[in-house]
Amino acid sequence: MLPARGEFALGRAFVEAVAAEYQLPYVVSNLECGTPLPWPAVIERAEGGVHFAIYGVVSGELSVPACRASDPARALAGAPVGDTVVVVLSDQEEAQDLALARAVPAIDFIVVADAASPFRVPEPLPNGGLRLSNGSRGKMLGVLRGELVPGASAWRDAGTRAAKAAEVDSARVRVSEVDKRIREAADDKTRDRLSRQREFWQQRLAKLDAELAAAVEASGPAHRASNELVALGDDVGEHARTYDRVQAVKATMSGATPMAQGMVESGDPPPAYTGAFVGSEACAGCHPAETAQWQGTAHARAWASLEGVKRQFDSDCWRCHATGAFSPEGPGDPRSLGSLVNVGCESCHGAGRDHVLSPGDKPLVANPPTSQCTQCHDKKQDDGRFDEATYRPRVVHSSP
Ligand code: HEC
Ligand code: HEC
Ligand code: HEC
Ligand code: HEC
């Protein structure tokens, strides 16, 4: 395990005490401290005839009093080459991980300590290794299966190429959607804004294209890997004392006890959101038919689904189960949502304040593009269930 930014935020003394109490197998390779840390710089062990060397690499941004993160490539200079499987637990950004793999060819796997959005399908590293995520903040367990193939030096995941191809497709669709909107743009200002969007997607497409090409090129014998993310749901046995604490905090955060809001980190709850998004109730009066139809869809129950699993204040979750949260002018805190809970009208049609005041002058998007859906139906969080052809008819208002 890697003690990283999230752990050290609680203070070095606390992290050391917890690690000692639970005998956590921490490993940190590139943190140099005045008083040395009690953990090894590498864990080596043999399982089933295979040797493993496990390193832990923290980001240069990590700040721990009297400690300094050193160059990870130097810390891994002695990594065993040959048959040993070298695993690096990393708290770095993607670019730094790629640089590390280039500098240390012996690396087989880089496991991302805390991916903001966990990715199930491993990404190829420039040295033939794989970079993968094992979930986010202890809510998932990553299970990596590997099969060593004689004569191979690189690793390959069966799903990587297909997943990369799907990402390329979706970036290409976005570029052509923006192109279409540029052609239809009413004025120069809009055109400028859209051109910047186009540039962003064009660059992303180029990057993905190159990655796909690399994945296709890498042929020949390869070790086989597959990564699975297992959600640690209620069916998984719990550590009783920790479980009770978490339940107590969840209950206060959900407003289930009178102390509720004051318990939340920042002290006072944020003020109710008042901005460009006005909520679906504001549309009902003028669009009764669309409203009635929407109320029958899963989108109108999206918030209840989160409440059902007590995750409505979880920063990993609320944005896709609420309205407007992807927009910079939208709500930024799950406690300030008011009528923006659920996937409301404006999730697809855009912010409605101006339209509500002056419908004739300020039209909304009449037929939202698929890129609007895939902000949330992102092929990751929904396990790839989204299928335009079957999903769209289930939410549009006109009967098929
Ligand atoms: C005061 C009445 C009123 C309210 C409130 C209102 N609309 Fe409208 N809306 C209209 C009218 C009238 C039109 C047709 C405008 C036109 O055809 O020029 C319209 C058109 C639309 C269209 C189709 C646009 C098009 O170009 O065909 C969408 C989408 C829409 N509204 C969504 C919403 C949403 C979402 C809300 C809530 C945020 C909302 N409306 C609130 C009156 C309203
Ligand atoms: C703001 C995020 C968001 C956007 C935008 C969005 N969805 Fe959803 N969608 C969700 C969530 C969350 C659910 C699950 C709701 C629940 O069951 O709690 C869902 C559920 C659905 C379902 C029901 C799936 C099922 O099997 O129950 C369909 C169909 C669907 N969405 C289609 C679409 C389409 C088509 C679009 C674009 C036109 C779209 N969605 C846009 C978040 C979104
Ligand atoms: C990137 C957007 C996104 C995020 C983030 C997100 N969800 Fe969802 N969620 C969806 C979509 C889309 C669906 C509908 C999937 C479908 O049925 O096709 C959904 C469905 C659900 C459902 C109801 C249907 C089901 O599959 O049981 C629950 C419960 C749920 N999500 C809980 C969560 C929790 C808990 C989190 C945080 C760990 C979370 N969601 C984070 C987009 C998201
Ligand atoms: C999941 C995305 C989604 C959500 C949520 C959504 N819409 Fe729509 N809406 C669409 C799509 C797609 C179309 C174009 C296809 C159609 O006409 O049904 C559309 C079309 C419309 C139109 C133009 C209809 C016409 O007949 O020309 C109006 C008005 C509208 N929506 C209002 C609303 C209102 C009001 C809500 C909330 C109660 C809402 N929409 C919620 C996706 C959505």
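## Terms and model

Ala, Val, Leu, Ile, Met, Phe, Trp, Tyr, Cys and Pro are classed as nonpolar, Asp, Glu, Lys and Arg as charged, and the others, Gly among them, as polar. The model is predicted: local features need pLDDT of at least 70 and side-chain atom pairs count only at pLDDT 80 or more, while totals for chains, interfaces and linings use all residues. Residues are numbered from 1 along each chain as its sequence is written, and chains are lettered from A and ligands numbered from 1 in the order in which they are written.

## Shell around ligand 4

Ligand 4 is surrounded by 20 residues, a residue being near a molecule if its C-beta atom, placed from the backbone, lies within 6 Å of it. The closest are Cys283, Glu290, Cys345, Cys348 and Val396. Two or more residues each come from helix 9 (288–295) and helix 11 (345–349), where helices (H or I, at least four residues) and strands (E, at least two) are DSSP runs numbered from the N terminus.

Helix 11 supplies the largest share of this shell, 4 residues. By class, the shell holds 9 nonpolar, 10 polar and 1 charged residues.

## Positive phi angles

Most residues other than glycine have a negative phi. Gln23, which is not a glycine, has a positive phi of about 50°. Gln23 lies in the loop between helix 2 (12–22) and strand 1 (31–33).

Asn342 likewise has a positive phi, near 75°, and is found in the loop between helix 10 (302–308) and helix 11.

A residue is buried if 20 or more other C-beta atoms, placed from the backbone, lie within 10 Å of its own, exposed if 12 or fewer, and partly exposed in between. Gln23 counts as exposed because it has 7 C-beta neighbours inside 10 Å. Asn342 has 25 C-beta neighbours inside 10 Å and therefore counts as buried.
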